[in-house]
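Here is a friendly walk through some of the packing in this protein. Have the sequence and the 3D view open as you read.

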Amino acid sequence: MTLPLDLYQRIFQHSLDGVLVVRPDGTILRANDAACRMLGRSEEEIRRLGRKGLIVEDDQVREVLRKRAADGTATGELPLVRADGSTIWVDFVTGMLPEVVGEGLLAYTIIRDVTARRALEEQVHRSARALRLRTACSAAVVRAASEPELFAAVCRAMVEVGGYRMAWVGLADDDEKKTLRTAACAGHDEGFLAEAAMVWADVPRGQSPCGVAVRSGHLVVNRDFEADPALAPWREAARARGYRSSTALPLVHGGRRVGVLGVYSATLESFESEEVDILAGLADDVAYAALALRAQHERDLAEQARRAGEARLELLADSSRAYAELGHDADGVLRELAQRACDALGDVCRVQLFSDDGHQLELAALSSRDPTGRLAREGSSPHSTLSVQLSVRDQVLGTMDLTRAPHERPHFTTDDLRFAQELADRAALAVHNARLFERAERLAAAVDQASEMVMITDAQGLIRYVNPAFEATTGYSRDEAVGKNPRFLKSGAQDAAFYGVLWGTLTRGDTWRGRLVNKKKDGTHYTEDAVISPVRDADGTLTGFVGLKRDITRDLLLEAQLVQSQKMDSIGRLAGGVAHDFNNLLTIILGSAQLMLDSVKEGDPLLEHVAEIRNAGDRAAALTAQLLAFGRRQALKFQPLDLNRLVSDVQRMLTRIIGEDVELVQQLAPNLGAVKADPSQLEQVLLNLAVNARDAMPKGGRLSIETRNVDLVETRGAYQVLRPGPYVLLRVSDTGAGMDAATMARIFEPFFTTKERGKGTGLGLSTVYGVVTQSGGGIDVTSELGRGTTFEVLLPRVDDAPAEPKPAAPQVNTAGAETVLVVEDEDGVRRLVRRVLERAGYLVLTASNGSEGLHAFERHQGTIDLVLSDVVMPVMSGPDFVAHARKLRPAIKVLFMSGYNDDAVTRHGVMEGTVDLINKPLTQDQLLQRVRAALDRAPGTSVSGRPSLTVVR
């Protein structure tokens, strides 16, 4: 039967349940009066919001809507939003309506407000949960054997039974800050408690629910972390861990404060009065149980203390016996102390002793009953630490520090302190005795093993003891020395007055310090620095003397060599400093003299004078080179050499130098090893030694040159600066006048000579010394007046094959027609070079420094074939100028020239062998040959044939 439409309208409008007519897309077409009252909205407002604007959607709601039955019906509960923003819960039924012409497919939804019913059910649920929690906690109270166990069980119950997100117990410490110290925690803490750092003092940090609960003694409920402004300091940390609300239950019983039980929920909890009463009773039970367990723990500790007191006397006696058995093992005593103190008094025992300087404590022994090592790493509260000194007769040796796990054992007592001090005193005495014994043993061992000589005599001066260093230095054994007077070592270098002062000082009771030259068993002399002191007994009676002596013979030799090296280095620096200007002047002198010689005709009276000028310039250039060589200011061109071949090559020259009345004898060893040296400089060594030998034999004699392989096993004398190993010996001997000791001491000094004024420069042997030492070798000289002199040169032997001699370079045509840019800051050198090059046919451009040269190069870069540049110039150096020029023309050919020594040139970025370099003073032939060679060389290669390098500083 079909009812009239107006009847349907009346039923729809006056239904006690809310009715909504909805399209499938969620659009609401009609809402009856009950629905409007339920939602606090008009029908127009409901229609405008639609289903999505009314439903508080979450994952659970979306799942309910998704599970609509196949016939379009569904039932369930949904949260809806009222006009005032509050949320109501409704039971709903939805289904499909018959199709209406023009309206399409429609659905109906009938809703009924069940908010009050849900609240009642939630209250019942919370009360039931609180009862279950109390039951679980009561079981924990009964079963717990200690406070930590009790608190841990209660926190677990709150999370596992109560469903809370996190629970913790904070104990109220009565310290200065009134800290809430975590005793147990369960659930999702994730660092919240450490970050919150809650206290129960009446300060801003103490306004948390837990702090207020402890301070007031009342339960504190926080229903919404986001809404309560007092919780702002903890809001971010709570939100990050998912905490929405909390309850703080004070743990107080009989007026005695224990701490707080904090409970954190992931939902907004209502905590109704019935639930709160149940939780408050639970907290009281936990507080009572904690206090009872604490009292029992204190009784147990008191009983343990009584039993421990009886055991301590036995422990002290047993410790003394153990120390006696360990004897002189100080470390063993300290380990024994740490172990016994740890067993008797604490969880960790740390024994520290003062360092030798007495300012710093260093760990000597450690014993721990803390398996995780937490206490050893972190320490504990001050109330759980005890420290005593290890001291003997007011001398503090160190400290013993004991640590107990907080609140697991009672704080240290006065009895504990007295017992710990007794243990430490007995151990300190044992350590002191062990140290005395060890010190005596060390002293005896040190004297025996000391590198310095030790001699002990009696009051009459007879030797009673010498150490092994004395035996090694003098060659006398202990048996040979004991019982003798030290005078058997006299060398004669000191007179009677010297020894009179020495013994006068000692007999006055003073210490004598000085230097002695004594004689070894083999007759050789040695120099020693000595400190001799009188020894007296407790009554002040003189019982003997003790001498501490050090052989400084080698040190004196090295010092002399250092002084010699410093002399040569300082004069070498002077020579290097003036070389540039001197070589520039010599370039002008020699070049101008050569131009004059080329211009003066044969038979002209000026020819002889010009020749003398050139000869004097050549000698000055040789002297400059010699100055640089002896001062080791030249970069030697090292290559493997056959010393025998070099001696043979200069034989004719040597014969001409020494003259016919001197016999030249050679003893050249076969299979001679190679050395690595500069051949020209090594020739200079031979020539200088030969000249000295000739001058020492004015009436003739014999000059002997010997070579052979030697293996240096022990370095002594002049060769102490060398390392043991394979060497080649060059020995040059003469039968001349010889030298006395004073002359021999100075022969390698620069400018020292025994020749007549004007007969020598005093640089010959200085040059020899400089070349040999720069080649990694050493030189020694022996001489005797009237019997001649022998020089021995040792050079390191190498495995490389000697280099073959190079054939003489063929003569080349030095004329040319190319354009050369000459960059030189010395006016005279610049003019001379220009004249020489122009006479040879070259077109020459000039500049006085690198900056002017760069401007000239920029103007004429298309026509310049070669740059001839000085290295060191003001404004802009040669290498800097060339670097800029090569940015314009990378392939431009360059020839450097310099009057500085090789060290200075190298510092300016030019190394001979990597770029073309000609050294001043320049001769006309040298200049033209090098310019021609540079022009004829392929672009991008150096004088060595290798690619040219530019050193960037």
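A residue is called buried when its relative accessible area is under 20%. F192 has a relative accessible area of 1%, so F192 is buried. Keep in mind that the model is predicted.

**An aromatic cluster**

Ring pairs join F192, F225, Y243 and Y264 into a cluster. In the whole model, the count of aromatic pairs comes to eight.

| Pair | Ring centres | Angle between planes | Geometry |
|---|---|---|---|
| F192 and Y243 | 5.1 Å | 85° | edge-to-face |
| F192 and Y264 | 5.5 Å | 70° | edge-to-face |

What do these pairs tie together? F192 lies in helix α7 (residues 192-196) and Y243 in the loop between α9 (232-241) and β9 (245-253), so their pair ties together parts 51 residues apart in sequence. Y264 belongs to strand β10 (residues 256-265), so its pair with F192 ties together parts that are 72 residues apart in sequence. Y243 is buried, as is F192, and Y264 counts as buried too, at 4% relative accessibility.

Rings also meet charges elsewhere. K484 lies over the face of F488, at 5.0 Å from the ring centre, and K490 lies over the face of Y499, at 4.1 Å from the ring centre.

**A strand residue**

T527 is found in strand β18 (residues 525-536). Is T527 buried or exposed? Its relative accessibility is 13%, so T527 counts as buried. Leaving aside neighbours within four places in sequence, the contacts of T527 include R515, L516, V517 and R550. T527 and R515 are 12 residues apart in sequence, with 7.1 Å from C-alpha to C-alpha.

**Nonpolar cores**

The largest nonpolar core has 38 residues, and L682, L686, L703, I779 and F791 touch the most other members. Helix α21 (residues 679-696) gives the largest share of this core, seven residues. Apart from it lies another core of 30 residues, among them V333, A420, A424 and A430. Beyond its neighbours within four places in sequence, F791 is in contact with residues including L689, L730, I747, F748 and I779.

**Helix α25**

In helix α25 (residues 850-860), the residues G850, G853, L854, A856 and F857 are buried. Seen down the axis of α25, these buried residues fall within an arc of 165°, so they line one face of the helix. Among the elements covering them are β27 (819-823), β28 (843-847), β29 (866-870) and α26 (878-888). N849 caps the N-terminal end of α25, with a side-chain oxygen 3.0 Å from the backbone nitrogen of S851.

How values were computed: Residues are numbered from 1 along each chain as its sequence is written. This is a predicted model: local features need pLDDT of at least 70, side-chain atom pairs count only at pLDDT 80 or more; totals for chains, interfaces and linings use all residues. Side-chain values use heavy atoms; hydrogens and water are left out. Buried means under 20% relative accessible area, exposed over 50%, partly exposed in between (1.4 Å probe, protein chains only). Helices (H or I, at least four residues) and strands (E, at least two) are DSSP runs, numbered from the N terminus. The arc is that of the directions from the helix axis to the C-beta atoms. Contact means heavy atoms within 4.5 Å. A polar contact is a pair of N or O atoms within 3.5 Å; within protein, one must be able to donate a hydrogen and the other to accept it, and residues adjacent in sequence count only if both atoms are side-chain atoms. A nonpolar core is a set of buried Ala, Val, Leu, Ile, Met, Phe, Trp, Tyr and Cys residues joined through side-chain atoms within 4.5 Å. Rings of Phe, Tyr and Trp (its six-membered ring) pair if their centres lie within 6.5 Å; planes under 30 degrees apart count as stacked, over 60 as edge-to-face and the rest as tilted. A charge sits over a ring if NZ of Lys or CZ of Arg is within 6 Å of the ring centre and within 35 degrees of the ring normal.
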